[in-house]
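Subject: Structure for your review

Dear colleague,

Please find below the structure that I am handing over to you. My findings follow directly after it.

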Amino acid sequence: MKEKKQIRLTSAEIAQLWAQYLSDSASQCILLYFLEKVEDEEIKPIIEYAAQLSSRHIQEIANILTEEKHTLPQGFKVEDDVNLTAPRLYSDTYVLQFIHQMSKVGLTGYAASLSSTVRKDITDYYKTCLIDTMTLFEMSKDTLLTKGIYVRSPYFPNLDHADFVDKQSFMWDFFGEKRPLTAIEVSNLYTNAQRNALGIATLMGFSQVAKSKDVTQFFIKGIEIAKKHVQLFSEKLAESDIPVAVSWAAEVTNVTSHVFSEKLMMYYVATLNALGIGYYGTGIAQSPRIDLGVMYNKMSVKVQMYAEDGANIMIENKWLEQPPLASDRKELANKNNQS
(Lines give C-alpha, C1' and ligand atoms only; values in the text may rest on other atoms or scores of the structure.)
Protein backbone atom coordinates (compact mmCIF):
# COMPACT_ATOMS: atom_id res chain seq x y z
CA MET A 1 0.00 0.00 0.00
CA LYS A 2 2.86 2.38 0.77
CA GLU A 3 4.34 1.75 -2.68
CA LYS A 4 1.00 2.45 -4.34
CA LYS A 5 0.76 5.86 -2.66
CA GLN A 6 4.34 6.84 -3.43
CA ILE A 7 4.61 5.76 -7.06
CA ARG A 8 2.40 7.28 -9.74
CA LEU A 9 1.09 5.27 -12.66
CA THR A 10 3.25 5.45 -15.75
CA SER A 11 1.86 6.43 -19.14
CA ALA A 12 2.11 2.76 -20.22
CA GLU A 13 0.13 1.61 -17.17
CA ILE A 14 -2.53 4.28 -17.70
CA ALA A 15 -2.81 3.40 -21.40
CA GLN A 16 -3.30 -0.30 -20.74
CA LEU A 17 -5.80 0.19 -17.93
CA TRP A 18 -7.79 2.77 -19.90
CA ALA A 19 -7.98 0.60 -23.01
CA GLN A 20 -8.91 -2.49 -20.98
CA TYR A 21 -11.71 -0.65 -19.20
CA LEU A 22 -13.26 0.19 -22.58
CA SER A 23 -12.77 -3.35 -23.85
CA ASP A 24 -14.24 -5.04 -20.78
CA SER A 25 -17.22 -2.70 -20.58
CA ALA A 26 -17.99 -3.52 -24.24
CA SER A 27 -17.43 -7.25 -23.65
CA GLN A 28 -19.75 -7.24 -20.66
CA CYS A 29 -22.62 -5.90 -22.78
CA ILE A 30 -22.12 -8.55 -25.46
CA LEU A 31 -21.53 -11.42 -23.04
CA LEU A 32 -24.63 -10.66 -20.98
CA TYR A 33 -26.66 -10.70 -24.20
CA PHE A 34 -25.11 -14.05 -25.15
CA LEU A 35 -25.91 -15.32 -21.67
CA GLU A 36 -29.57 -14.35 -22.08
CA LYS A 37 -29.83 -16.32 -25.36
CA VAL A 38 -27.66 -19.39 -24.76
CA GLU A 39 -29.39 -22.78 -24.94
CA ASP A 40 -26.43 -25.17 -24.84
CA GLU A 41 -25.78 -26.16 -21.21
CA GLU A 42 -22.13 -26.93 -21.98
CA ILE A 43 -21.50 -23.46 -23.38
CA LYS A 44 -23.44 -21.50 -20.75
CA PRO A 45 -20.81 -21.85 -17.94
CA ILE A 46 -18.14 -20.53 -20.32
CA ILE A 47 -20.18 -17.40 -21.07
CA GLU A 48 -20.89 -16.95 -17.36
CA TYR A 49 -17.20 -17.20 -16.51
CA ALA A 50 -16.24 -14.73 -19.26
CA ALA A 51 -18.91 -12.26 -18.11
CA GLN A 52 -17.71 -12.56 -14.50
CA LEU A 53 -14.15 -11.76 -15.60
CA SER A 54 -15.27 -8.66 -17.48
CA SER A 55 -17.33 -7.44 -14.52
CA ARG A 56 -14.47 -8.00 -12.07
CA HIS A 57 -11.95 -6.29 -14.34
CA ILE A 58 -14.17 -3.23 -14.72
CA GLN A 59 -14.47 -2.86 -10.95
CA GLU A 60 -10.77 -3.44 -10.26
CA ILE A 61 -9.65 -0.95 -12.91
CA ALA A 62 -12.20 1.59 -11.64
CA ASN A 63 -10.77 1.22 -8.14
CA ILE A 64 -7.20 1.73 -9.36
CA LEU A 65 -7.95 4.76 -11.54
CA THR A 66 -10.25 6.36 -8.95
CA GLU A 67 -7.63 6.01 -6.22
CA GLU A 68 -5.12 7.70 -8.53
CA LYS A 69 -7.65 10.49 -9.21
CA HIS A 70 -7.99 9.62 -12.91
CA THR A 71 -11.35 10.13 -14.59
CA LEU A 72 -12.86 6.84 -15.74
CA PRO A 73 -13.61 6.29 -19.42
CA GLN A 74 -17.29 6.51 -20.26
CA GLY A 75 -17.08 3.09 -21.88
CA PHE A 76 -20.25 1.10 -22.47
CA LYS A 77 -23.25 0.32 -20.29
CA VAL A 78 -25.78 -2.50 -20.50
CA GLU A 79 -28.72 -0.12 -20.17
CA ASP A 80 -27.49 2.00 -23.11
CA ASP A 81 -25.68 -0.32 -25.49
CA VAL A 82 -27.47 -3.67 -25.63
CA ASN A 83 -31.04 -4.90 -25.78
CA LEU A 84 -31.08 -8.04 -23.66
CA THR A 85 -34.66 -8.82 -24.70
CA ALA A 86 -33.83 -8.86 -28.43
CA PRO A 87 -34.06 -12.17 -30.31
CA ARG A 88 -31.00 -14.35 -30.84
CA LEU A 89 -28.61 -12.90 -33.43
CA TYR A 90 -25.87 -15.58 -33.30
CA SER A 91 -25.89 -19.31 -32.63
CA ASP A 92 -24.28 -20.87 -29.55
CA THR A 93 -21.57 -22.31 -31.82
CA TYR A 94 -20.63 -18.81 -32.98
CA VAL A 95 -20.59 -17.58 -29.38
CA LEU A 96 -18.21 -20.35 -28.37
CA GLN A 97 -15.90 -19.57 -31.29
CA PHE A 98 -16.10 -15.85 -30.48
CA ILE A 99 -15.14 -16.36 -26.85
CA HIS A 100 -12.30 -18.69 -27.80
CA GLN A 101 -10.86 -16.16 -30.25
CA MET A 102 -11.23 -13.34 -27.70
CA SER A 103 -9.44 -15.44 -25.09
CA LYS A 104 -6.49 -15.73 -27.49
CA VAL A 105 -6.52 -11.98 -27.97
CA GLY A 106 -6.70 -11.52 -24.22
CA LEU A 107 -3.67 -13.72 -23.58
CA THR A 108 -1.61 -11.69 -26.03
CA GLY A 109 -2.91 -8.37 -24.73
CA TYR A 110 -2.41 -9.16 -21.05
CA ALA A 111 1.11 -10.41 -21.70
CA ALA A 112 1.91 -7.08 -23.39
CA SER A 113 0.30 -5.18 -20.51
CA LEU A 114 2.23 -7.17 -17.93
CA SER A 115 5.54 -6.52 -19.69
CA SER A 116 4.91 -2.76 -19.58
CA THR A 117 4.04 -2.52 -15.87
CA VAL A 118 6.32 -1.33 -13.08
CA ARG A 119 4.18 -0.96 -9.98
CA LYS A 120 3.75 -4.21 -8.09
CA ASP A 121 -0.03 -3.99 -7.67
CA ILE A 122 -0.49 -3.44 -11.42
CA THR A 123 1.88 -6.31 -12.19
CA ASP A 124 -0.05 -8.58 -9.82
CA TYR A 125 -3.32 -7.51 -11.43
CA TYR A 126 -2.18 -8.49 -14.92
CA LYS A 127 -0.72 -11.76 -13.66
CA THR A 128 -4.19 -12.60 -12.35
CA CYS A 129 -5.74 -11.53 -15.67
CA LEU A 130 -3.41 -13.89 -17.52
CA ILE A 131 -4.23 -16.83 -15.25
CA ASP A 132 -7.98 -16.19 -15.52
CA THR A 133 -7.82 -15.80 -19.29
CA MET A 134 -5.81 -19.01 -19.61
CA THR A 135 -8.64 -20.76 -17.77
CA LEU A 136 -11.17 -19.24 -20.20
CA PHE A 137 -9.00 -20.29 -23.14
CA GLU A 138 -8.82 -23.88 -21.91
CA MET A 139 -12.55 -24.03 -21.13
CA SER A 140 -13.51 -22.82 -24.61
CA LYS A 141 -10.88 -24.95 -26.37
CA ASP A 142 -11.84 -28.12 -24.53
CA THR A 143 -15.54 -27.57 -25.28
CA LEU A 144 -14.81 -26.97 -28.97
CA LEU A 145 -12.82 -30.22 -29.03
CA THR A 146 -15.55 -32.13 -27.20
CA LYS A 147 -18.14 -30.93 -29.69
CA GLY A 148 -15.88 -31.74 -32.63
CA ILE A 149 -15.88 -28.18 -33.98
CA TYR A 150 -12.36 -27.09 -33.11
CA VAL A 151 -10.63 -26.00 -36.33
CA ARG A 152 -7.04 -27.23 -36.20
CA SER A 153 -4.17 -25.81 -38.22
CA PRO A 154 -3.01 -28.08 -41.09
CA TYR A 155 -0.77 -31.03 -40.27
CA PHE A 156 2.79 -31.34 -41.60
CA PRO A 157 4.80 -34.49 -42.37
CA ASN A 158 7.34 -35.53 -39.74
CA LEU A 159 10.67 -33.71 -39.98
CA ASP A 160 13.28 -36.41 -40.60
CA HIS A 161 16.40 -34.20 -40.82
CA ALA A 162 17.65 -30.66 -40.23
CA ASP A 163 18.54 -28.52 -43.23
CA PHE A 164 19.90 -25.09 -44.20
CA VAL A 165 18.78 -22.56 -46.79
CA ASP A 166 21.20 -22.61 -49.74
CA LYS A 167 19.46 -20.33 -52.26
CA GLN A 168 18.32 -16.71 -52.13
CA SER A 169 15.19 -17.81 -53.95
CA PHE A 170 14.04 -19.02 -50.52
CA MET A 171 13.09 -15.36 -50.03
CA TRP A 172 13.38 -13.54 -53.35
CA ASP A 173 11.82 -15.76 -56.03
CA PHE A 174 8.94 -13.35 -56.64
CA PHE A 175 8.08 -14.13 -60.26
CA GLY A 176 9.32 -17.68 -60.67
CA GLU A 177 8.20 -20.96 -59.14
CA LYS A 178 7.88 -20.49 -55.41
CA ARG A 179 9.09 -22.83 -52.71
CA PRO A 180 6.57 -24.58 -50.44
CA LEU A 181 5.34 -22.62 -47.46
CA THR A 182 7.11 -22.92 -44.11
CA ALA A 183 5.19 -24.13 -41.07
CA ILE A 184 5.02 -20.62 -39.56
CA GLU A 185 3.80 -19.17 -42.88
CA VAL A 186 1.05 -21.79 -43.05
CA SER A 187 0.12 -21.11 -39.44
CA ASN A 188 -0.22 -17.36 -40.02
CA LEU A 189 -2.13 -17.74 -43.30
CA TYR A 190 -4.50 -20.30 -41.82
CA THR A 191 -5.23 -18.45 -38.57
CA ASN A 192 -5.70 -15.16 -40.42
CA ALA A 193 -8.20 -16.89 -42.71
CA GLN A 194 -10.01 -18.20 -39.61
CA ARG A 195 -10.11 -14.77 -37.96
CA ASN A 196 -11.46 -13.13 -41.11
CA ALA A 197 -14.11 -15.83 -41.48
CA LEU A 198 -15.33 -15.17 -37.94
CA GLY A 199 -15.14 -11.44 -38.67
CA ILE A 200 -17.41 -11.92 -41.68
CA ALA A 201 -20.06 -13.57 -39.50
CA THR A 202 -19.72 -10.84 -36.87
CA LEU A 203 -20.14 -8.08 -39.44
CA MET A 204 -23.08 -9.85 -41.08
CA GLY A 205 -24.93 -9.77 -37.78
CA PHE A 206 -23.94 -6.16 -37.15
CA SER A 207 -25.07 -5.08 -40.64
CA GLN A 208 -28.50 -6.64 -40.07
CA VAL A 209 -29.21 -4.78 -36.84
CA ALA A 210 -27.59 -1.42 -37.62
CA LYS A 211 -30.15 1.33 -38.26
CA SER A 212 -28.26 4.16 -39.97
CA LYS A 213 -27.30 3.85 -43.63
CA ASP A 214 -23.65 4.89 -43.27
CA VAL A 215 -23.00 2.39 -40.47
CA THR A 216 -24.75 -0.42 -42.36
CA GLN A 217 -22.75 0.31 -45.53
CA PHE A 218 -19.56 0.43 -43.48
CA PHE A 219 -20.21 -3.07 -42.14
CA ILE A 220 -21.08 -4.38 -45.62
CA LYS A 221 -17.81 -2.95 -46.96
CA GLY A 222 -15.95 -4.73 -44.15
CA ILE A 223 -17.58 -8.04 -45.11
CA GLU A 224 -16.34 -7.65 -48.69
CA ILE A 225 -12.80 -6.83 -47.54
CA ALA A 226 -12.73 -9.83 -45.20
CA LYS A 227 -14.05 -12.14 -47.94
CA LYS A 228 -11.31 -10.98 -50.30
CA HIS A 229 -8.66 -11.57 -47.65
CA VAL A 230 -9.96 -15.10 -46.96
CA GLN A 231 -9.76 -15.76 -50.70
CA LEU A 232 -6.16 -14.51 -50.91
CA PHE A 233 -5.08 -16.56 -47.89
CA SER A 234 -6.76 -19.63 -49.36
CA GLU A 235 -5.01 -19.14 -52.70
CA LYS A 236 -1.59 -18.95 -51.05
CA LEU A 237 -2.30 -22.11 -49.08
CA ALA A 238 -3.57 -23.88 -52.20
CA GLU A 239 -0.19 -23.24 -53.87
CA SER A 240 1.25 -25.72 -51.36
CA ASP A 241 -1.75 -28.06 -51.67
CA ILE A 242 -3.14 -27.03 -48.31
CA PRO A 243 -6.93 -26.62 -48.43
CA VAL A 244 -8.82 -24.15 -46.27
CA ALA A 245 -12.60 -24.09 -46.15
CA VAL A 246 -14.19 -22.23 -43.30
CA SER A 247 -17.32 -20.14 -42.92
CA TRP A 248 -19.41 -19.13 -39.93
CA ALA A 249 -22.04 -17.27 -41.95
CA ALA A 250 -24.61 -19.99 -41.25
CA GLU A 251 -24.32 -19.21 -37.53
CA VAL A 252 -25.99 -15.80 -38.01
CA THR A 253 -29.79 -15.67 -37.71
CA ASN A 254 -32.15 -13.44 -39.74
CA VAL A 255 -32.81 -11.03 -36.85
CA THR A 256 -32.98 -7.35 -37.85
CA SER A 257 -34.34 -5.75 -34.67
CA HIS A 258 -32.23 -3.61 -32.34
CA VAL A 259 -29.62 -5.67 -30.47
CA PHE A 260 -26.45 -3.62 -29.97
CA SER A 261 -25.95 0.13 -30.11
CA GLU A 262 -24.13 1.37 -33.20
CA LYS A 263 -21.54 2.92 -30.91
CA LEU A 264 -20.76 -0.52 -29.45
CA MET A 265 -20.64 -2.26 -32.84
CA MET A 266 -18.40 0.41 -34.35
CA TYR A 267 -16.04 0.12 -31.37
CA TYR A 268 -15.78 -3.63 -31.87
CA VAL A 269 -15.04 -3.29 -35.56
CA ALA A 270 -12.38 -0.66 -34.79
CA THR A 271 -10.82 -3.12 -32.34
CA LEU A 272 -10.89 -5.93 -34.91
CA ASN A 273 -9.25 -3.63 -37.46
CA ALA A 274 -6.42 -2.80 -35.07
CA LEU A 275 -5.92 -6.47 -34.22
CA GLY A 276 -5.96 -7.42 -37.91
CA ILE A 277 -3.23 -4.91 -38.75
CA GLY A 278 -1.15 -6.29 -35.89
CA TYR A 279 -1.59 -9.89 -37.03
CA TYR A 280 -0.70 -8.94 -40.60
CA GLY A 281 2.43 -7.26 -39.28
CA THR A 282 3.35 -10.51 -37.56
CA GLY A 283 2.74 -12.31 -40.85
CA ILE A 284 5.20 -9.98 -42.59
CA ALA A 285 7.85 -10.43 -39.90
CA GLN A 286 7.57 -14.22 -39.93
CA SER A 287 7.30 -14.80 -43.70
CA PRO A 288 10.65 -14.98 -45.54
CA ARG A 289 8.86 -15.24 -48.90
CA ILE A 290 8.68 -11.73 -50.32
CA ASP A 291 5.37 -12.27 -52.13
CA LEU A 292 3.72 -12.95 -48.77
CA GLY A 293 5.14 -9.74 -47.32
CA VAL A 294 3.84 -7.77 -50.29
CA MET A 295 0.41 -9.36 -49.88
CA TYR A 296 0.25 -8.60 -46.15
CA ASN A 297 1.37 -5.00 -46.76
CA LYS A 298 -1.38 -4.43 -49.32
CA MET A 299 -3.93 -5.95 -46.95
CA SER A 300 -2.74 -3.76 -44.08
CA VAL A 301 -3.13 -0.62 -46.18
CA LYS A 302 -6.66 -1.69 -47.13
CA VAL A 303 -7.59 -2.28 -43.49
CA GLN A 304 -6.03 1.03 -42.46
CA MET A 305 -8.12 2.89 -45.04
CA TYR A 306 -11.22 1.03 -43.87
CA ALA A 307 -10.38 1.84 -40.24
CA GLU A 308 -10.09 5.53 -41.13
CA ASP A 309 -13.58 5.45 -42.63
CA GLY A 310 -14.84 3.92 -39.39
CA ALA A 311 -13.05 6.51 -37.26
CA ASN A 312 -14.67 9.31 -39.28
CA ILE A 313 -18.12 7.83 -38.65
CA MET A 314 -17.38 7.50 -34.94
CA ILE A 315 -16.06 11.07 -34.69
CA GLU A 316 -19.06 12.46 -36.56
CA ASN A 317 -21.43 10.70 -34.15
CA LYS A 318 -19.32 11.46 -31.05
CA TRP A 319 -18.73 7.75 -30.40
CA LEU A 320 -14.91 7.83 -30.38
CA GLU A 321 -13.71 8.33 -26.83
CA GLN A 322 -10.43 10.21 -26.64
CA PRO A 323 -7.60 8.35 -24.86
CA PRO A 324 -5.43 10.08 -22.23
CA LEU A 325 -3.23 12.77 -23.81
CA ALA A 326 0.09 14.26 -22.79
CA SER A 327 -0.09 17.84 -21.51
CA ASP A 328 -0.05 20.53 -24.20
CA ARG A 329 2.53 22.84 -22.65
CA LYS A 330 2.15 25.55 -25.29
CA GLU A 331 -1.60 25.71 -24.74
CA LEU A 332 -1.11 25.92 -20.97
CA ALA A 333 1.41 28.72 -21.41
CA ASN A 334 -0.92 30.66 -23.72
CA LYS A 335 -3.82 30.32 -21.28
CA ASN A 336 -1.61 31.70 -18.54
CA ASN A 337 -0.67 34.70 -20.68
CA GLN A 338 -4.31 35.38 -21.58
CA SER A 339 -5.30 35.47 -17.92
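Ser 27 touches Ser 54 and Tyr 268, leaving out residues up to four places away in sequence; contact here means heavy atoms within 4.5 Å. Ser 27 belongs to helix 2, which spans residues 11-37. With a relative accessibility of 14%, Ser 27 counts as buried. The term buried stands for under 20% relative accessible area, exposed for over 50%, and partly exposed for what lies in between, with a 1.4 Å probe and protein chains only.

Please note that this is a predicted model, in which local features need pLDDT of at least 70 and side-chain atom pairs count only at pLDDT 80 or more, while totals for chains, interfaces and linings use all residues. Residues are numbered from 1 along each chain as its sequence is written, and side-chain values use heavy atoms, with hydrogens and water left out.

Overall form

The chain has twelve helices and zero strands. Helices (H or I, at least four residues) and strands (E, at least two) are DSSP runs, numbered from the N terminus. For 339 residues, a compact globule would have a radius of gyration near 20 Å, and the 22 Å of this chain agrees with that. The radius is taken over C-alpha atoms, and the globule rule is 2.2 Å times the number of residues to the power 0.38. Along the principal axes, the C-alpha atoms fill a box of roughly 70 × 50 × 40 Å.

Of the 339 residues, 45% count as buried. Among contacts with a separation of 6 or more, 85% are between residues 24 or more positions apart. The accessible surface of the chain comes to about 18400 Å², and 55% of this belongs to carbon and sulfur atoms. Such areas come from the Shrake-Rupley method with a 1.4 Å probe; for residues, only the protein chains shown count as cover.

Nonpolar cores

In soluble globular proteins, nonpolar side chains tend to be buried together. A nonpolar core is a set of buried Ala, Val, Leu, Ile, Met, Phe, Trp, Tyr and Cys residues joined through side-chain atoms within 4.5 Å. The largest such core has 75 residues, of which Phe 34, Phe 219 and Phe 260 touch the most other members. Elements that give two or more residues to this core include helix 5 (92-115), helix 8 (183-209) and helix 9 (213-239). Its largest share, eleven residues, comes from helix 8. A second, separate core of 14 residues includes Leu 65, Tyr 110, Tyr 126 and Cys 129.

Neighbours within four places in sequence aside, Phe 34 is in contact with Ile 47, Tyr 90, Tyr 94, Val 95 and Phe 98.

Ser 113 is located in helix 5 and is buried, at 4% relative accessibility. Beyond residues up to four places away in sequence, Ser 113 touches Gln 16 and Tyr 126. Its C-alpha atom is separated by 9.9 Å from that of Leu 130, 17 residues apart along the chain.

Aromatic rings and charges

The structure holds 18 aromatic pairs. One of them joins Phe 218 and Phe 219, which are tilted, at 6.0 Å centre to centre and 55 degrees between the planes. Rings of Phe, Tyr and Trp (its six-membered ring) pair if their centres lie within 6.5 Å; planes under 30 degrees apart count as stacked, over 60 as edge-to-face and the rest as tilted. Both Phe 218 and Phe 219 are buried.

Two charges over rings may also be noted. Arg 195 lies over the face of Tyr 279, at 3.6 Å from the ring centre, and Lys 263 lies over the face of Phe 76, at 5.1 Å from the ring centre. The criterion is that NZ of Lys or CZ of Arg is within 6 Å of the ring centre and within 35 degrees of the ring normal.

Backbone angles

Most residues other than glycine have a negative phi. Lys 69, although not a glycine, has a positive phi of about 65 degrees. Lys 69 is found in the loop between helix 3 (44-67) and helix 4 (78-81) and counts as exposed, at 76% relative accessibility. Lys 318 likewise has a positive phi, of about 60 degrees. The loop that holds Lys 318 runs between helix 11 (290-316) and helix 12 (329-338), and Lys 318 is exposed, with a relative accessible area of 75%.

Yours sincerely,
A colleague
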